[in-house]
Amino acid sequence: MSSDALQPKDLALAGAWLSGHGLAEARPTPLLAVRLAVRRRARLANQVLLAALFIGAALIRVTFGFRPQHALPLLLLAAMVAALLLAQVLLDQWVRRVDRRAGAALPRRTAHLAQPGWRTLLGTPHAAFMIATSGGAIVLAASALTVQDATVRHSALVLLAGLLGVAAGIALQLRDLLVRPIVAEDETSLTADVIMRVEDARELTVPSVPWTLPVLLLFGFAPVWWDAAAIALVIAGVLVLALISKRTPSSVAVARQVLSVR
Amino acid sequence: MIVIDTASPVPPYEQLRAQLAAQIHDGTLPVGARLPTIRHLAANLGLAVNTVGRAYRELEEAGLIETRGRAGSFVSAAGEEGRERARRAAADYAAVVSSVGIDPHEALRIVEAALRHAAPAES
């Protein structure tokens, strides 16, 4: 996580990012390249961590079977979930640290006077989706507590703690996004700053953990109705997210609106 | 948009004050517009809180902004009133120029001379 130095390909990727966001006339600067690179690496690390959680959970199930008699498998799963949450917090801090350093090194700083709130940055549809998916996963976990099987109830407790931890983490990250200082040196980087902020906020609403954790911890142990509900939650979530992504204004449109206010 | 250049010989507080004053004068920041908090703007521009505080204080002393306790700082109506007074004075002057038959170009030169004379007193 310490390799946040600029690499030659980062500038080329920043140029491609600008073109992809309708800013093809702008020159990719080291500031933009560094900020985009750290986000790309953090995103990749996050995906690797989720994959590691999948593989780890599968290995635990293969090793101990589907009906473990000991507490060890559950403890291992709980430790893996805690490690994932901790790693996600550290990744977020890494991105913020790189942004802060990049900003401090600028001889020229630019800022807009508008202070976009959560409605502008995240948008009501994304916010409602995030609340609905997190709430749905929490209700699903709580419903598993009513099952007679002790293994299912213990797994449900781990799931509930994990989901509440994720929800609290997302709330804190969103709050931080709203007050995080602008890092810009000119109009283009100011636009890019808002675009990144919008995309960071929207990325937070993708419920990768609320979708995967119930399946990882309880699928196969729980009653059939619970398994069906878990799968339905994922399918409905994917469809709604696709619809929201198609209907809501692009991050570029949001950035232009923010910068046109004043 | 506010730009602060640390390499400029103009102190950062003056760069900020001048840009905010210009935006208030040209209407980019309309009367009643809420300004960011001192702490927030300082973080965004990489400046010390005192630097932004000094710029806000000078704008307040000039009557361009007003601080309403915890609600924050807002663009005051005083700047707009001043602009309206100037418009009225210009209309009066134009009427005098027209009544005494002074050539419009000469009338403008008189105004320019008066502005040059008034400028050192303002700064």
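At what angle do H2(A) and H7(A) pack, and how far apart are their axes? In this predicted model, the two helices pack at an angle of about 10°, with axes 11 Å apart. Because angles under 35 degrees count as roughly parallel, H2(A) is roughly parallel to H7(A).

**Helix packing in chain A**
- On the H2(A) side, the contact is made by A:Leu31, A:Leu32, A:Arg35 and A:Arg39.
- H7(A) contributes A:Ser189, A:Ala192 and A:Met196 to this contact.
- By class, the contact of H2(A) with H7(A) holds 4 nonpolar, 1 polar and 2 charged residues.

**Contact between chains A and B**
- Chain A provides 16 residues to the contact and chain B provides 17 residues.
- Helix H3 (72-104), strand S1 (108-111) and helix H7 (187-204) of chain A each supply at least two residues of the side that touches chain B.
- S1(A) gives the most to that side, with 4 residues.
- The side of chain A that touches chain B is made up of 8 nonpolar, 4 polar and 4 charged residues.
- S1(A) pairs with strand S1 (residues 2-5) of chain B in the antiparallel sense, over 4 bridges.
- Within that strand, B:Ile2 is the bridge partner of A:Ala111.

**Helix H2 of chain B**
- Helix H2 (residues 38-45) of chain B is largely enclosed by the rest of the structure, because 6 of its 8 residues are buried.
- The buried residues are B:Ile38, B:Leu41, B:Ala42, B:Ala43, B:Asn44 and B:Leu45.
- Their cover includes S1 of chain A, together with S1 and helix H3 (49-61) of chain B.

- In soluble globular proteins, nonpolar side chains tend to be buried together.
- The largest nonpolar core has 50 residues, of which A:Val198, B:Leu16, B:Ala42, B:Leu45, B:Val52 and B:Ala55 touch the most other members.
- Helix H2 (residues 30-64) of chain A supplies the largest share of this core, 8 residues.
- Not counting residues up to four places away in sequence, B:Leu16 touches B:Ile2, B:Ile4, B:Val52 and B:Ala55.
- A second, separate core comprises 24 residues, among them A:Leu84, A:Ala141, A:Ala144 and A:Ala156.

How values were computed:
Residues are numbered from 1 along each chain as its sequence is written. Chains are lettered from A and ligands numbered from 1 in the order in which they are written. This is a predicted model: local features need pLDDT of at least 70, side-chain atom pairs count only at pLDDT 80 or more; totals for chains, interfaces and linings use all residues. Two residues are in contact if their C-beta atoms, placed from the backbone, lie within 7 Å. Ala, Val, Leu, Ile, Met, Phe, Trp, Tyr, Cys and Pro count as nonpolar, Asp, Glu, Lys and Arg as charged, and the others, Gly among them, as polar. Two strands pair if DSSP finds at least two bridges between them. A residue is buried if 20 or more other C-beta atoms lie within 10 Å of its own, exposed if 12 or fewer, and partly exposed in between; C-beta atoms are placed from the backbone. A nonpolar core is a set of buried Ala, Val, Leu, Ile, Met, Phe, Trp, Tyr and Cys residues joined through C-beta atoms within 7 Å. Axes are lines fitted to C-alpha atoms, for helices over the stretch in contact, and angles run from 0 to 180 degrees between N-to-C directions. Angles under 35 degrees count as roughly parallel, over 145 as roughly antiparallel, 65 to 115 as roughly perpendicular and the rest as oblique.
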